[in-house]
Amino acid sequence: MPTVAVDKEDLFERLGQSYTTEEFDHLCFEFGIELDEDTTVEVEEAVKKGLPAERPQLKIEVPANRYDLLCIEGIARALRVFLQKQKAPVYKLVEPASMLTATVSPETAQIRPFFACAILRNVAFTPRSYASFMDLQDKLHQNICRRRQLVAIGTHDLDTLEPPFRYEARPPNNIKFKPLNKSEEYTATELMNIYEGEKHLARYLHIIRDSPVYPIIYDKQDRVLSMPPIINSEHSKITLDTKNIFIDVTATDETKLNIVVNIVATMFSEYCAEPYSIEPVRVVYPDGRTVIQPDISSRRTTARASYINSCTALSLSSEEIASLLERMSLEASVSPSNPDEIQVDVPCTRPDIFHECDIMEDTAIAYGFNNLPRTFPTTSTVAQPLAVSKLSDLVRQEWAMAGWVEVLPLILCSHDENFAWLNRKDDNQTAIKLANPKTAEYQVIRTSLLPGLLKTIRENRKHPLPIRVFETSDIAVKDKSAERQSRNIRHAAAVWCNKTAGFEIVCGLLDRIMAMLEVPRIFTHTENATHGYYLKETEDPTFFPGRAAKIFYRPKGNPPYSESQMSQTPSGSGTAQEAAGSGPIAAVKEAVSAAVSKLKSTDDVEIGLIGILHPTVVEKFEIPYPCSALEFTLEPFMKEVPHIWADDA
């Protein structure tokens, strides 16, 4: 959840009273947020030592979807309403005699097609409110804006600009202006190269770099306001002396565009000469559509008192519920046509309200979670572990007691780690690939546990040898027969890393877990066993040639046919010469023998691989020592979990 740092003294002044840390922590809990840290003690200690120190701060964790709580203004406002020290503010649009206009050009459809504006008039900033204004923009950029990929915010000194405004998209070489905190003008192409070396801006360059056109905002005199989502212009820079603020928002998502422009405008409209007043702007789209921005109208929805009471085990009337909702900044009233129905007007600052259950949750918060009646559930159930989880716990316990270390790498990995680095080819039929991976490290869902184990060894290769790690977890593969087109498979894997390969070590680890699973080893002299496992030499590009084997499992209930019995000549048929192995009967025997061998191979299940990793594999994972690996599926060993309750009748 986002953490918002607010000035302690400033917040308490806004709330109209002071709190101890314990009291404020309790208030936060009651409201549904959490006090993460109070820096008062650290500040006092620094002052005693003569060290420079900031004012004491409160660090508050807020829900990720409560964008109205990302600044001190929103937190103080919401808490005052919750404490019934004020009514929820009513935000209003104040239309001027001549409304400002912003025109969107058709070329913006190639890069960021949506545009919104708002104006705050006669704003009085203080150093702290100015810092909060900037911090809110950064919090929104990192949260709902998804690091400016979906939405970007720009704020400007309106008095330095001349409307109307134009939102265009031009080739980068046709854009030239003086960017924020620079003394010279640069083309957009030059700025891309300059900002490569500036860490705070370099992370946003990829958003538009490969586009043939870059978004740009101009005023009537062709002065640049900003080049979203990268940088604003130095010309329209906001300062503490700024009185009139022009807010521009560009986006690829219209819903998030409206949320962001509403939050920025409403949170700081309290600093206007007429509090909570916002001046709208007319936005004209290429298709002739005209939109008045921002749209701060409330949205009406309904909730049933019976539903809220059934979820909270309360017996509140509709009037009582409406009163509780007002403490959560929601205007509510009982429907004149249905006494069980509550009409709720959701303000533009509460985009987190989607459904009736959200209104129920706010009712419970206002009532107090600790005040809800505690009752026993009407039905009782007995839980039991899943068969696969119980099996996995057994493997974990046994391998841990054998001295191996369990690791928990991520289930996502890069395409190369899953295939090329293991000398495997992608058949495009197995691996589940992310359509829009955020980074090259997380492109596919792993189809093997080996990449995660090898990356763990790579990051810990300076530790004393031997390094022995294991993991028991899921892989995922495509499965067109499944409803979700994929399925999880529980695997167990281990890797031994030392100055010698240690193939016998991983073989012993396999033998140990099979012994605990009561699966005997099938040897040459027991090849007709009805149950067990055995190894069969194979060639696999992941492993060293001649040092790899497949692991086969023979489940119970599938006894193989005896070749000796099948090859016996029936009494009274054939000659002595035919019985000795010549003639047509010998050919029949060979055919039957081949058929039996094929039958045996289909009865036995291939469950995994074991061997010494190929030198190119360990080299790609930057491991300087030889490694032996083991990986197999646990699915064939699962036993049906018995039912706890049985009907004896």
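The dialogue below takes up domains, nonpolar cores, a helix, a hairpin and a loop residue.

Guide: Please note at the outset that this is a predicted model.

Visitor: Into which domains is the chain divided?

Guide: The domain assignment lists domain 1 (3–83), domain 2 (92–293), domain 3 (299–371) and domain 4 (387–557 + 602–643). Between the centres of domain 3 and domain 4, taken over C-alpha atoms, the separation is 52 Å.

Visitor: Which residues of the largest nonpolar core touch the most other members?

Guide: A nonpolar core is read as a set of buried nonpolar residues joined through side-chain atoms within 4.5 Å. Here the largest such core has 79 residues, and Leu11, Phe24, Ile60, Leu140, Ile247 and Val260 touch the most other members. Helix H8 (residues 254–268) supplies the largest share of this core, nine residues. Apart from it lies another core of 26 residues, including Trp404, Trp496, Met514 and Ile610.

Visitor: With which residues is Ile247 in contact, leaving aside neighbours within four places in sequence?

Guide: On that basis, Ile247 is in contact with Ala116, Cys117, Ala118, Leu120, Ile153, Gly154, Thr155, Val264 and Ala265. Of these, Val264 and Ala265 are among the buried residues of H8.

Visitor: Is H8 mostly covered or mostly uncovered?

Guide: A residue is called buried when its relative accessible area is under 20%. In H8, eleven of the 15 residues are buried, so the helix is mostly covered. Among them are Leu257, Ile259, Asn262 and Phe268. At the N-terminal end, Asp253 caps H8, with a side-chain oxygen 2.9 Å from the backbone nitrogen of Thr255.

Visitor: How do strands E19 and E20 run, and how many bridges join them?

Guide: Strand E19 (residues 331–334) and strand E20 (residues 341–346) run antiparallel and are joined by four bridges. They form a hairpin with six residues between them, and Ala332 stands opposite Val344 in E20. As a general idea, side chains in a regular strand alternate between the two faces of the sheet.

Visitor: Is Arg66 buried or exposed?

Guide: Arg66 has a relative accessible area of 8%, so this residue is buried. Arg66 is found in the loop between strand E3 (57–61) and helix H4 (72–82). The side chains of Arg66 and Asp68 are joined by a polar contact of 2.9 Å. Leaving aside neighbours within four places in sequence, Arg66 is in contact with Phe31, Arg350 and Asp352.

How values were computed: Residues are numbered from 1 along each chain as its sequence is written. This is a predicted model: local features need pLDDT of at least 70, side-chain atom pairs count only at pLDDT 80 or more; totals for chains, interfaces and linings use all residues. Side-chain values use heavy atoms; hydrogens and water are left out. Buried means under 20% relative accessible area, exposed over 50%, partly exposed in between (1.4 Å probe, protein chains only). Helices (H or I, at least four residues) and strands (E, at least two) are DSSP runs, numbered from the N terminus. Contact means heavy atoms within 4.5 Å. Domain bounds come from an automatic or database domain assignment. A polar contact is a pair of N or O atoms within 3.5 Å; within protein, one must be able to donate a hydrogen and the other to accept it, and residues adjacent in sequence count only if both atoms are side-chain atoms. Two strands pair if DSSP finds at least two bridges between them.
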